[in-house]
Amino acid sequence: MTIIRLMNKWILAALSLVMASCGVSSGGNAVDLPLAYDMEYTSDSLPVIELPPFDSLPVETYLPDPFLWADGSGRSTDFKDWERHRGEILRRLWHYELGEKPMVSKDSVYASLVKDTLLVEVHERGEILTLKSAVVYPEGEGPFPFVIGVGFPTGSLPQELFLDNGVAAVPFNFTQVMSHTQTRGEEPVNRLYPDNLEIGAYSAWAWGVSRLIDGLEKLGEESRLDLGHIAVTGCSFAGKMALYSGAMDERIALTIAQEPGGGGLNSWRVSETLGNVERIHNTNYAWFLESMRQFSDSNVNRMPVDNHEVAALIAPRALLVLGNTDYEWLADESGYVSANAAREVWKTFGIPERMGYSIQGGHMHCELPESQYADVEAFIKRYLLEVDSIDTDITKAPMFADVDWCKWVPWADSDEPRDSQK
């Protein structure tokens, strides 16, 4: 019986590998692609694109193609065009789903380090918002790569996976920016931006993560932290927060999104076809634009952006997604489809090993089972410590081996633009 069980596991793993490809060949040159950038956005300004009203949006039953140009002029999978693609995706994401993440001048940010506690002040319009974070250092002198953990120093991941590998931890106290369930207009960040009261929490929280990085840049060597090797992580609603933070700040080298569920990695379109899961009509609207409600139910197919593109915004940097099938609400089948759709971007650029996922059950929500420690540690060592010999080609979800995710991404095996279904 033991041999049979092992054979079944091997068969499921093999099926999972088969299903992880839609026949797209890798392209690009991984040697030339950076693991992180030295600025929040690689473009000084995002492209101006048409953002049609709801009634003028086409119906699209497939997951949107991240390589299509917004003006309908075709598509490009050339990496030199990815910066513009990222800008167009961000414009749609902010307009239809999240609200715009405010831009900040470096001259508006002040920072100090008092007994290992980082203090960052952001000055805007005569108002000051202060972020406080008690940095946890590993043994040694540094500079140390570091992880920004949502709520706790390393989020919901075991601290030893980071500290024992010489990685420091910087907790993000998100309520210093916006509460878990915001009251619009009454949150700390609203004082700085009184004209942006409709902003969803995920843009506001991502703004806060970026300001921590700004502060550390201001401190320089005094922080004893390596600004070239930054990670961010969180679980559940904080897993979504980590994902959006990594998507919106190109200085972050590694994003680890633990059990992010609906509104995070999961495709809104795919989730609409499943059972009792988080969908547009029943999500927490403190986190998003109120106007996103117009895309509820079958109207989801009018949404010009979907969350596989949120994950894809992290490319060519590194992303690891952790799932948990014990909780129906998390809709990990949707996450599996969306993860593979997003991974097509990394595959196209010839760096599929920089995007991985590990989905399994048998544990509590936000509890990392020991069987996933190796997956997390592999990404930490390769992308924060630059141990290039570590294998991060991780796509583990054998329970979804029979899920045909390829049907959602017909663009994955085509160089031609696809017409929307009217």
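Here are legends for a few close-up views of this predicted model.

**View 1. The disulfide between Cys 235 and Cys 366**. Search the whole structure and you'll find one disulfide. Its partners are Cys 235 and Cys 366, and their sulfur atoms sit 2.2 Å apart.

**View 2. What the link of Cys 235 and Cys 366 ties together**. Cys 235 belongs to strand E6, which covers residues 225-235. Cys 366 is in the loop that runs between strand E9 (355-359) and helix H10 (373-383). The two parts are 131 residues apart in sequence, so the pair ties together pieces of chain that the sequence sets well away from each other.

**View 3. Burial of Cys 235 and Cys 366.** Are these two cysteines buried or exposed? Cys 235 is buried, as its relative accessible area is 6%. Cys 366 has a value of 18%, and it counts as buried too, because the cut-off for buried is under 20%.

**View 4. Ser 245 in helix H6**. Now for a serine: Ser 245 is part of helix H6, residues 237-248. With 1% relative accessibility, this serine is buried.

**View 5. The neighbours of Ser 245**. Leave out residues up to four places away in sequence, and Ser 245 touches Trp 205, Ala 206, Val 209, Val 232 and Ile 252.

Key: Residues are numbered from 1 along each chain as its sequence is written. This is a predicted model: local features need pLDDT of at least 70, side-chain atom pairs count only at pLDDT 80 or more; totals for chains, interfaces and linings use all residues. Side-chain values use heavy atoms; hydrogens and water are left out. A disulfide is a pair of cysteine sulfur atoms within 2.5 Å. Helices (H or I, at least four residues) and strands (E, at least two) are DSSP runs, numbered from the N terminus. Buried means under 20% relative accessible area, exposed over 50%, partly exposed in between (1.4 Å probe, protein chains only). Contact means heavy atoms within 4.5 Å.
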